Protein chains: 2
Amino acid sequence: MGARSHEVRERLTTAATELIVELGWSGVSTRLLAERAGVTPGLVHYHFSSLQALLSEAAVSALTRMVDGLDAVLEQAKSPEDVVEQLLSALSEHSGSDPMSLLVSETFLATTRDAELRGAVATVLADFRARLAAWFADHGVDAPEATAAVLAATVDGLMLHRALLPEAEATADVLRRIVAVRS
Amino acid sequence: MGARSHEVRERLTTAATELIVELGWSGVSTRLLAERAGVTPGLVHYHFSSLQALLSEAAVSALTRMVDGLDAVLEQAKSPEDVVEQLLSALSEHSGSDPMSLLVSETFLATTRDAELRGAVATVLADFRARLAAWFADHGVDAPEATAAVLAATVDGLMLHRALLPEAEATADVLRRIVAVRS
DNA sequence: CTACGGTTTGGACGAGTGCCCAAGTCGATT
DNA sequence: AATCGACTTGGGCACTCGTCCAAACCGTAG
């Protein structure tokens, strides 16, 4: 596997994440993917065992990068309320149907039809939950694991809903209630 | 439109909701649909203008029924905490990858690629939010609209996550924090 | 120079797709 | 009995799909 091979693989996975967002997981075809990546269709199955494998690898690595980015938020947060604030604003930078939200949703849904992908995504999610829970535990939040699970779920749910309806103004205030500190 | 026509339309939409759950929105084909409904493939495009239209009609009516079902929960609930409890247990009846969760997710995702469907689903969601918010307002919950929006989003987010990871035991306790009553 | 292995090409394969339509069935109305 | 219109049939059209593969390319090692 020379450097040339590695570059083509990367071009293909990059094109894959773009197209998953634009056309949906099942809207991505071998030929479209090759065209976007600037290679010939035959190359797709030379570098990857199947189209599914290519999409999965692309999505999982994008998700991993995303979680690492959210992790950086934790390091700067001073209070639990701060975490909510930061998470929310990190998401609000994007419009309702932004690339990140769509990629997350598409990938989650794809896991219901692909056991291998499901395992990989579950690992990423568990990792994020664990880091969040650890931070909460360190900062006096009650029931840190459950709080992390609910907060992560809420963030994903808001992603879905934001594409359909605008959020209420006081969303952040309500979200802050989730991270109640032990009294 | 005779009674015969109406029965076939219903058999097709019923088969559609089943297949969307089993195979995903884009995994449903004309012929598969017809086979499941026990009719010939040509009938699909006689009764519906397109496959998309059939899927959309089936999904929206299923979603509407679902929201009406959740609405019944509200009528029996005595306190805000009760609402959370009931919503959660209504969801927990189903396994992680239950039909309802999957249909919701699939439909939400399909809205990103179909403007007409998006409008219809947004109406259903807005309706549910409004009923929830009205109930909260009547029962002294602070910021009822935002609370309803966050709770609805969390419920959907938990639907997504539950397929991947088991929930923590104390999820309900954390969720109850969302519906804090004005002090 | 030859030989070689990783890479690339473009076309082929069979299967499946949404949609359409001429022809036919069948129950109700005239 | 004849006619009508709603309904149904099954096949056909013009695609796209994932995957595969023989052949060509090309930088490097012998």
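The dialogue below walks through one predicted model, from the single chain to its partners.

Q: What should I know about numbering and confidence before I read this model?
A: Residues are numbered from 1 along each chain as its sequence is written, while chains are lettered from A and ligands numbered from 1 in the order in which they are written. The model is predicted, and local features need pLDDT of at least 70, side-chain atom pairs count only at pLDDT 80 or more, and totals for chains, interfaces and linings use all residues.

Q: How many helices and strands does chain A have?
A: Helices (H or I, at least four residues) and strands (E, at least two) are DSSP runs, numbered from the N terminus. On that basis chain A has nine helices and zero strands, and its C-alpha atoms fill a box of roughly 60 × 35 × 30 Å along the principal axes. A contact requires that two C-beta atoms, placed from the backbone, lie within 7 Å; among the contacts in chain A with a separation of 6 or more, 64% join residues 24 or more positions apart.

Q: Which residues of helix 6 of chain A are buried?
A: A residue is buried if 20 or more other C-beta atoms, placed from the backbone, lie within 10 Å of its own, exposed if 12 or fewer, and partly exposed in between. Across chain A, buried residues make up 40% of the 183 residues. Helix 6 of chain A is mostly covered, with 11 of its 13 residues buried, and these include Ser101(A), Leu103(A), Glu106(A) and Phe108(A).

Q: Why does the span of helix 6 of chain A agree with its number of residues?
A: The expected span is 1.5 Å times one less than the number of residues. For the 13 residues of helix 6 (residues 99–111) of chain A this gives 18 Å, and the end C-alpha atoms are 18 Å apart, which agrees.

Q: Where are the domains of chain A, and how far apart are their centres?
A: Domain bounds come from an automatic or database domain assignment. Here chain A is divided into domain 1 (3–57) and domain 2 (58–179), whose C-alpha centres lie 27 Å apart. Contacts link 12 residues of domain 1 of chain A with 15 residues of domain 2 of chain A, and on the domain 1 side helix 1 (3–23) and helix 4 (51–76) of chain A each give two or more residues. UniProt, in an unreviewed entry, places the feature "domain: HTH tetR-type" at residues 6–66 of chain A, although such annotations may be inferred rather than shown by experiment. Over residues 6–66 chain A is 75% helix and 0% strand.

Q: Which helix of chain B gives the most to the side that touches chain A?
A: In this interface 45 residues of chain B are in contact with 45 residues of chain A. Helix 8 of chain B gives the most to that side, with 14 residues, and by class the side has 25 nonpolar, 11 polar and nine charged residues. In these classes Ala, Val, Leu, Ile, Met, Phe, Trp, Tyr, Cys and Pro count as nonpolar, Asp, Glu, Lys and Arg as charged, and the others, Gly among them, as polar.

Q: Which residues come nearest to DNA strand C?
A: A residue is near a strand if its C-beta atom, placed from the backbone, lies within 6 Å of it. Of the 20 residues around DNA strand C, Ser5(A), Thr40(A), Gly42(A), Ser29(B) and Thr30(B) come nearest, and helix 1 of chain A together with helix 2 (30–37) of chain B give two or more residues to this surface. For DNA strand D, which 20 residues surround, the closest are Ser29(A), Gly2(B), Ser5(B), Thr40(B) and Gly42(B).
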